[in-house]
Amino acid sequence: MRLVTRLAAAALRLPAARTGRVTVTRDLPVRVRDGTTLRTDHYAPDLPGAACVLIRTPYGRGGPMRLLGRLVAERGFHVVIQSCRGTYGSGGEFAPLVHERDDGLDTLDWLRRQPWWTGAFGMFGASYQGFVQWAVAAEAGDELRAMVAVVTASATRDSTYAGESFALDTVLTWAELLQAQTVPWLARQWELKRGQPRLVRALTHLPLAEADRVATGVTVPFFQEWLRHHTPDADYWRGRVFGDRIAEVRAPVAMVSGWQDIFLPAQLDDYARLRAAGARPRLTVGPWTHGSPGLLVASLREGLDWFAEHLADRPATPRAPVRVHVGGAGGGWRDLPDWPPPATPTRWHLQPGGGLATGPPAGGGPDQIRYDPADPTPSLGGPLLVAQRAGAVDNRPVESRPDVLTYTSDPLPGAVEVIGPVRAEIHLRSELSYLDVFVRLCDVDRRGRSWNVCDGLVRVEPGRFPDDGSGVLRVPVALWPTAHRFAPGHRLRLQVSGGAHPRYARNPGTGEPLGTAVTLRAGWREVLHDHAHPSAVLLPLAKASSTPGR
């Protein structure tokens, strides 16, 4: 195993090991307050006074986690990897976010009773492994000295119902992934080789309340609950989000995310809350999706550096508080003092004839499309749970559909650099009261390929957005934040459509409940772009304040 870790450390360009001797104890029973036993592995370095790094996960303690445990332990930390309840040998039933506060605090109490405990620990992990960090962060006290939160957030509710729609692809894919952990390895490989046909069928199935059984063969309790408790005021989520106590967190936090990650907006909200509370978190956002290999490598390097500084009092690598990767030709890494950086919000107005320009709208009649939920506008790339289907892709196939409007600028005479939050304001009139508005910003290169940069969706229902008396609604759409350089000769393009399925659940057009809707109603809608209805996308044009990163 020592040879494997040496080769892995060299390939990943990790700091030098501080010891080659690591004792591993597997399947330790950690008993929590309700009597449930959580199975736990301990990687102990042969170093006196080493602090602890805790990883709590529903994804198992074998395979890559074993390598991770050894790599971190060799660099001078006790590593404790625990399976969340109901997963990989731990007792109880896995219910997302329900037990993580109590189980995490009880695990901390167990750590305090260990003979090697020094009174300091850190937490590390991506996605759900980050949710469990936020579940205990406000109550862990001064013993929690460092957090490394990777593609995760303190509150998952808003990501699950982005724009008050439903993140169908992410939630159903995750449910299928968790259920697949109970399937024999060979059967799982066969399912993946076949392209997961059951999941593909489930993503198009109605009603959604049956989709979990189509995908997995069983009813998944949390999937059913998330379909029922989807309104913003649902009591269900009050005990399952932890953002209301983020100002109480005293541990230094390092955040790592990607521009095409499903939790990016929520994670940047966490950054803003920490900054408002006087904290100085470290933020890294790269050209990654939720499961990018590059993301995992970068997060391990960031984590080891953060733990060396805050758990071992070793000097950290000097760097700016915020590092972001600017996409597009001529981009690259930039160092920033804070997020978002200074920028000039600039309106690019939708124009007649499919134009997009910074000048005022030139008038003209509205553009019309018909959205049919029986043939929903497909999603293509973007922030998805599965890396193979996510990220930037050529959008021309979806842009050729009659239910997608596109607005494109003239070729740019010089580079346009957009860094920060992006939002759109779409004025529309619809024959249906229930509809979705999907907006996507793309970079059209010199060959005409249209690469998605960022996007967002908003669900419209009666009373959510007031009309102007003539039936026209002004719909604000928050797109994913971005950092992108549009090169000279490229063009900006804005898509406007009625959905992005199956990334978001299709809007049936009827107002029926999310989980039971089966009636599909098609309808026309008009996008207006005149002086009284200046539909536009607002882009933060970067000022000359960012510096190239090392």
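Mentor: Let's start with two helices: Glu100, Arg101, Gly104 and Leu105 in α3 meet Tyr128, Val132, Ala135 and Val136 in α4. This is a predicted model, where local features need pLDDT of at least 70 and side-chain atom pairs count only at pLDDT 80 or more, while totals for chains, interfaces and linings use all residues. Residues are numbered from 1 along each chain as its sequence is written, and side-chain values use heavy atoms, leaving out hydrogens and water.

Trainee: What makes a meeting of residues in α3 and α4 a contact?
Mentor: Contact means heavy atoms within 4.5 Å. By class, the α3 with α4 contact holds 5 nonpolar, 1 polar and 2 charged residues. Here Ala, Val, Leu, Ile, Met, Phe, Trp, Tyr, Cys and Pro count as nonpolar, Asp, Glu, Lys and Arg as charged, and the others, Gly among them, as polar.

Trainee: And how do you know which residues make up a helix or a strand?
Mentor: Both are DSSP runs numbered from the N terminus: helices are H or I with at least four residues, strands are E with at least two.

Trainee: Why are α3 and α4 called roughly perpendicular?
Mentor: Two packed helices are described by the angle between their axes and the distance between the axes. The axes of α3 (residues 100-112) and α4 (residues 128-137) come within 8 Å and cross at roughly 75 degrees. An axis is a line fitted to C-alpha atoms, for helices over the stretch in contact, and the angle runs from 0 to 180 degrees between N-to-C directions. Under 35 degrees counts as roughly parallel, over 145 as roughly antiparallel, 65 to 115 as roughly perpendicular and the rest as oblique. So α3 and α4 are roughly perpendicular to each other.

Trainee: What makes α1 and α2 roughly perpendicular?
Mentor: For α1 (residues 2-12) and α2 (residues 64-74), the axes come within 10 Å and cross at roughly 80 degrees. That's why α1 and α2 get the label roughly perpendicular. On the α1 side, Arg2, Val4, Thr5, Ala8, Ala9 and Leu12 meet Leu67, Arg70, Leu71 and Glu74 of α2. The class tally for α1 with α2 is 6 nonpolar, 1 polar and 3 charged residues.

Trainee: Why is strand β18 said to be largely enclosed?
Mentor: In β18 (residues 473-486), 10 of the 14 residues are buried, so the rest of the structure largely encloses this strand. β18 pairs with β15 (residues 416-430) in the antiparallel sense over 12 bridges.

Trainee: What makes those strands a pair?
Mentor: Strands pair if DSSP finds at least two bridges between them. With 12 bridges, β15 and β18 qualify. One of those bridges has Val416 partnered by Phe486 in β18.

Trainee: Why are Tyr161 and Phe166 called a tilted aromatic pair?
Mentor: Rings of Phe, Tyr and Trp (its six-membered ring) pair if their centres lie within 6.5 Å; planes under 30 degrees apart count as stacked, over 60 as edge-to-face and the rest as tilted. The count by that rule is 18 aromatic pairs. Tyr161 and Phe166 sit 5.8 Å centre to centre with 35 degrees between the planes, hence tilted. Tyr161, at 1% relative accessibility, is buried, and Phe166 is buried at 0%. Both belong to one aromatic cluster whose members include Phe94, Tyr128, Trp174 and Phe263.

Key:
Buried means under 20% relative accessible area, exposed over 50%, partly exposed in between (1.4 Å probe, protein chains only).
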